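The notes follow the order in which I looked things up.

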Amino acid sequence: MNIAQVDYDGLIPNNVALGQDVRVKRALEKWHPGYINWWHDMGPEGFQESLVYLRTAVSVDPKGWAKFDYVRMPEYRWGVLLAPQVEGRKVAFGAHKGEDAWQEVPGEYRAMLRRLVVIQGDTEPASVEQQRHLGKTAPSLYDMRNLFQVNVEEGRHLWAMVYLLQKYFGTDGREEAEALLQRRSGDPDTPRMLGAFNEKTPDWLSFFMFTYFTDRDGKMQLEALAQSGFDPLSRTCRFMLTEEAHHMFVGETGVTRIIQRTCEAMKQAGIDDPYDIEKVRKLGVIDLPTIQKKANLHFSLTLDLFGSEISTNAANAFHAGLKGRYREDRLKDDHQLETGAYPVLRLINGQIKNEDAPALSALNMRLRDDYVVDCNVGVGRWNKVIEQIGIPFQIKLPHVAFHRHIGEFSDIHADVSGNVLSEAEWNKRRGDFLPSGDDRAFIEGLMQPNFEIGKFAGWIAPPRVGIDNKPGDFEYVKIA
Ligand code: BYC
């Protein structure tokens, strides 16, 4: 079978020859109804019957992997797609460097590998759950369509991880696949596994910040797992990354369009001071300081997803050849890191200082550093928009010690510049850094639906181009 071609005949589109793998095919077909029930219960609320102009992956050929058409979301073809196998691929790092990549799970690393797959899998449905109410307040049909596109693809990413569990992890893999449908974002008894995936996504600014910052953690983690010596995981993640790019596009351009609209409205009204919040809000747009606070919140929550700066788990996963560094294949060193050092920001006698740590233990920190660099690129583009319109303001990422719940800085309070604050100071100034109840209420008040074809809510500028080159008056969602 040509790996670039997808078998569309069965219940589950795939390029892994499911038709010849009766055990796994049955296991997935058995899991399917539970997934559909979950989608109905926890997927986009109120739009399950609507026709949405969605892209569906139909091939893994980078030149033409997707097709666009109107689909009812519950009928979306969630498939199992892996990037093509690379002939003669080797483990590229760690203790097994140079050995043939594994096509089966290496027994000694089974538990570690399963944990990585389960954690990755858990985030995918969590984000759909977090975003399920947003359709009702969409600022346009274009944005609504993008939300649903992100949602169905996160659903497909869950399928990708469940395939690995069902195919390679036997009975416990099956149990984990079930459990992925049982946990719920924010549920006090059965929460999702990682902190940020139990937070609310109450409004569209949060959605765009989430897709900008948190989906970008997804990109970094998938890039690290794409390097894995366990070849099926590597191939799965490589294809997921193709879809992930659009999610970050949605986030980056979403925030850009909000900033653009705010700045244009300010200019038009002759308001130069970005801190004249009351006046700016009267224009029906979101003031820049509040956008900054939302960025502070989502950036800091996402940093927690990188785990502790110093981590034995991360060292073990690298040493075993299961999880590499960001773009490991482009780095020039021994790819074993038994001797090197890496500078880590630590809390030393109450002060934040850089200290060298063994490179192997500092892998979470390193991935986080790569992430911050990547985040700053888009922030620079947001600032260009503000500058071009001529408002004296810059969005800045807060210090990595700000508002942390995991790792080195979880026990202290710091301001956005990294100054350590007492509990009392923090409580006094918290509202300067993070959205206050008033900020949230103002934003939520703005979130009135706008479902008119080709129209946009007043707080967000239209996009520069349509999806799939569609014109401005295209009906992205036919609401039923
Ligand atoms: N919340 O050694 P440590 C995405 C736990 S996003 C709660 O510091 P490690 C997406 C940790 O489990 C990408 N618990 O951390 C985005 C451990 O517990 P155990 C998702 C946490 O293991 C948007 C203990 O603390 N993929 O795809 O080196 C939309 C000590 O851990 C947290 C992955 O994350 C937390 N934030 O690193 C849709 C990749 N952090 O085992 C999708 C797979 C740590 O001692 N996961 N803990 O009981 C991993 O690589 C790692 O597990 C982590 C943590 C990076 C998450």
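I count a polar contact as a pair of N or O atoms within 3.5 Å. The model I am working from is predicted.

**Entry 1: ligand contacts**

I started with the side chains that meet this cut-off. For Asn313, an N or O atom of the side chain lies 3.0 Å from an oxygen atom of the ligand. For Asn364, the corresponding distance from a side-chain N or O atom to a ligand oxygen is 2.9 Å. For Thr123, I noted 3.4 Å between a side-chain N or O atom and an oxygen atom of the ligand. I then looked up the area: the ligand taken alone exposes 1,000 Å², and the protein buries 80% of that.

**Entry 2: the shell around the ligand**

Which elements give two or more residues to the shell around the ligand? I found helix H2 (110-130), helix H5 (204-226) and helix H9 (312-319). H2 supplies the largest share, seven residues. The shell holds 28 residues, and those that come nearest to the ligand are Gln120, Ser308, Ser311, Lys323 and Asn364. Sorted by class, the shell has 12 polar, nine nonpolar and seven charged residues.

**Entry 3: the largest pocket**

Where does the ligand sit among the pockets? The space that the ligand takes is the largest pocket. I noted a volume of about 800 Å³ for this pocket. Its lining has 38 residues, and the closest to the pocket centre are Ile119, Leu194, Gln221, Leu305 and Lys323. H2, H5 and H9 are the elements that give two or more residues to this lining. By class I wrote down 15 nonpolar, 14 polar and nine charged residues for the lining of the largest pocket.

**Entry 4: the second largest pocket**

Next I took the second largest pocket, with about 410 Å³ of space. It is lined by 16 residues; Thr253, Thr256, Arg257, Gln260 and Arg464 lie nearest its centre. Two elements are listed as giving two or more residues to this lining, helix H6 (231-269) and helix H10 (363-389). The largest share, seven residues, comes from H6. I noted the classes of the lining as seven nonpolar, five charged and four polar residues.

**Entry 5: the cavity**

How many cavities of 30 Å³ or more does a search of the whole structure find? The search finds one. About 100 Å³ of space lies in the largest cavity. Of the 13 residues that line this cavity, Lys323, Gly324, Leu363, Asn364 and Leu367 lie nearest its centre. H9 and H10 are the elements that give two or more residues to the cavity lining. H10 gives the most, with five residues. The cavity lining divides into seven nonpolar, four charged and two polar residues.

**Entry 6: cross-check**

H9 contributes two or more residues to the ligand shell, to the lining of the largest pocket and to the lining of the largest cavity.

Methods
Residues numbered from 1 in each chain as written. Predicted model: local features only at pLDDT ≥ 70, side-chain atom pairs only at ≥ 80, totals over all residues. Heavy atoms only, no water. Near = heavy atom within 4 Å. Polar contact = N/O pair within 3.5 Å; in protein donor to acceptor, adjacent residues only side chain to side chain. Areas by Shrake-Rupley, 256 points an atom, 1.4 Å probe, with all protein chains shown as cover. 1 Å grid on protein atoms, 1.4 Å probe; cavity = no way out; pocket = protein on both sides within 12 Å on 5 of 7 lines; lining within 4 Å. Sits in = over half its atoms within 2 Å of the grid points. Helix = DSSP H or I, 4+ residues; strand = E, 2+ residues; numbered from the N terminus. Nonpolar A, V, L, I, M, F, W, Y, C, P; charged D, E, K, R; others polar. Points joined across faces, edges and corners; volume = space filled by probe spheres on them.
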